[in-house]
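Trainee: I have a new model to go through. Can we take it step by step?

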Amino acid sequence: MILKDELRVCLKSKRSLSQQLSEAETNMLAMISKYQEELNLATAHEHKVADEYAQVCMEKEARGRVIDSSHDFTPKNNGANPITPTFHL
């Protein structure tokens with residue numbers, strides 16, 4: 001009789017531990033899901049910032065090319081007054 005009672009206590013304890021393990025597993029999966037979502041949001045934000053940075057760099061480079069090409073222009077006035085425009089027909 002004592003062994004039978006002890007077996008019941010063990011089975012009850014086993015069920016309780018199994019239930020606790022299941023609850024802990026559910027909680028862990030929820031935490032993993034939460035952190036995975038946060039990681040996905042951070043990755044999406046990182047890609048957005050990288051794209052914006054690349055766009056700014058391209059625009060800056062394009063402006064630099066325009067400025068460089070405008071410095072290459074040297075008007076020739078053939079000795080005329082620099083304030084008075086010279087027109088050639």
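Mentor: Start with a definition. A disulfide is a covalent bond between the sulfur atoms of two cysteines. Here a pair of cysteine sulfur atoms must lie within 2.5 Å to count. Keep in mind that this is a predicted model.

Trainee: How many disulfides does a search of the whole structure find?

Mentor: The cut-off is a sulfur pair within 2.5 Å. C10 is partly exposed, at 46% relative accessible area. C57 is partly exposed too, at 33%. Across the whole structure, the number of disulfides found is zero.

Trainee: What share of the 89 residues is buried?

Mentor: Buried means under 20% relative accessible area. For context, the protein has one helix and zero strands. Its accessible surface comes to about 8,800 Å², with 63% belonging to carbon and sulfur atoms. Of the 89 residues, the buried share is 0%.

Trainee: How far apart are R8 and D5 along helix 1?

Mentor: Helix 1 covers residues 2–71. R8 is partly exposed at 47% relative accessible area, and D5 is partly exposed at 34%. R8 and D5 are three residues apart in the helix, so their separation is about one helical turn.

Key. Residues numbered from 1 in each chain as written. Predicted model: local features only at pLDDT ≥ 70, side-chain atom pairs only at ≥ 80, totals over all residues. Heavy atoms only, no water. Buried < 20%, exposed > 50% of the residue type's maximum accessible area, 1.4 Å probe, protein only. Helix = DSSP H or I, 4+ residues; strand = E, 2+ residues; numbered from the N terminus. Areas by Shrake-Rupley, 256 points an atom, 1.4 Å probe, with all protein chains shown as cover.
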